[in-house]
Amino acid sequence: MGAAASAGIYTLVETVKANGLDAMKYLKYILSDMPGSTFLENPAYLDDYLPWDPMVQERCR
């Protein structure tokens, strides 16, 4: 279970870097903004947190 979680985080960080973002800024952004959001009721909401979203690009460069 730990290896799968580590692989998921590693993949996310590498995707963020491949999109020209600062990985630490991105992780801070999603971990501070996502709690309390409605992504459980509306999974499409997660699209707003993908590294290529224009708002994410602006905040996490």
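So, contacts along the chain: if we take pairs of residues at least 6 apart in sequence, 51% of those contacts in the protein chain join residues at least 24 apart. Keep in mind, please, that this is a predicted model.

Okay, what is the chain built from? Its secondary structure comes to three helices and zero strands, and reading from the N terminus you get α-α-α. As for dimensions, the C-alpha trace spans about 30 × 30 × 15 Å along its principal axes.

Now the surface. The chain has about 4400 Å² of accessible surface, and 63% of that belongs to carbon and sulfur atoms. There are 61 residues here, and 25% of them count as buried. On charges, we have 5 positive and 8 negative side chains. The centres of those two sets sit 11 Å apart.

Start with G20. You'll find G20 in the loop between α1, which is residues 2-18, and α2. Its relative accessible area is 41%, so G20 is called partly exposed, as the value falls between the 20% and 50% cut-offs. If you look back along the chain to S6, that's 14 residues away, and the C-alpha atoms of G20 and S6 are separated by 21 Å.

Next, S32. This one is in helix α2, which covers residues 23-33. Is S32 buried or exposed? Well, S32 counts as exposed because its relative accessibility is 56%, and the cut-off for exposed is over 50%. The side chain of S32 also reaches a backbone atom: the oxygen of Y29, at 3.2 Å. And for a sense of distance, S32 and I9 are 23 residues apart in sequence, with 16 Å between their C-alpha atoms.

Last one, Q57. We're in helix α3 now, residues 54-59. Here the relative accessibility is 14%, so Q57 counts as buried, the cut-off for that being under 20%. Which residues does Q57 touch, if we leave out those up to four places away in sequence? The answer is N19, L21, P51 and W52.

If you want to follow along in the structure, go to Q57 and pick out its contacts, N19 and W52 among them. That's it from me, thanks.

Note on methods. Residues numbered from 1 in each chain as written. Predicted model: local features only at pLDDT ≥ 70, side-chain atom pairs only at ≥ 80, totals over all residues. Heavy atoms only, no water. Helix = DSSP H or I, 4+ residues; strand = E, 2+ residues; numbered from the N terminus. Buried < 20%, exposed > 50% of the residue type's maximum accessible area, 1.4 Å probe, protein only. Polar contact = N/O pair within 3.5 Å; in protein donor to acceptor, adjacent residues only side chain to side chain. Contact = heavy atoms within 4.5 Å. Areas by Shrake-Rupley, 256 points an atom, 1.4 Å probe, with all protein chains shown as cover. Lys, Arg positive; Asp, Glu negative; His and termini not counted. Charge placed at Lys NZ, Arg CZ, Asp CG, Glu CD.
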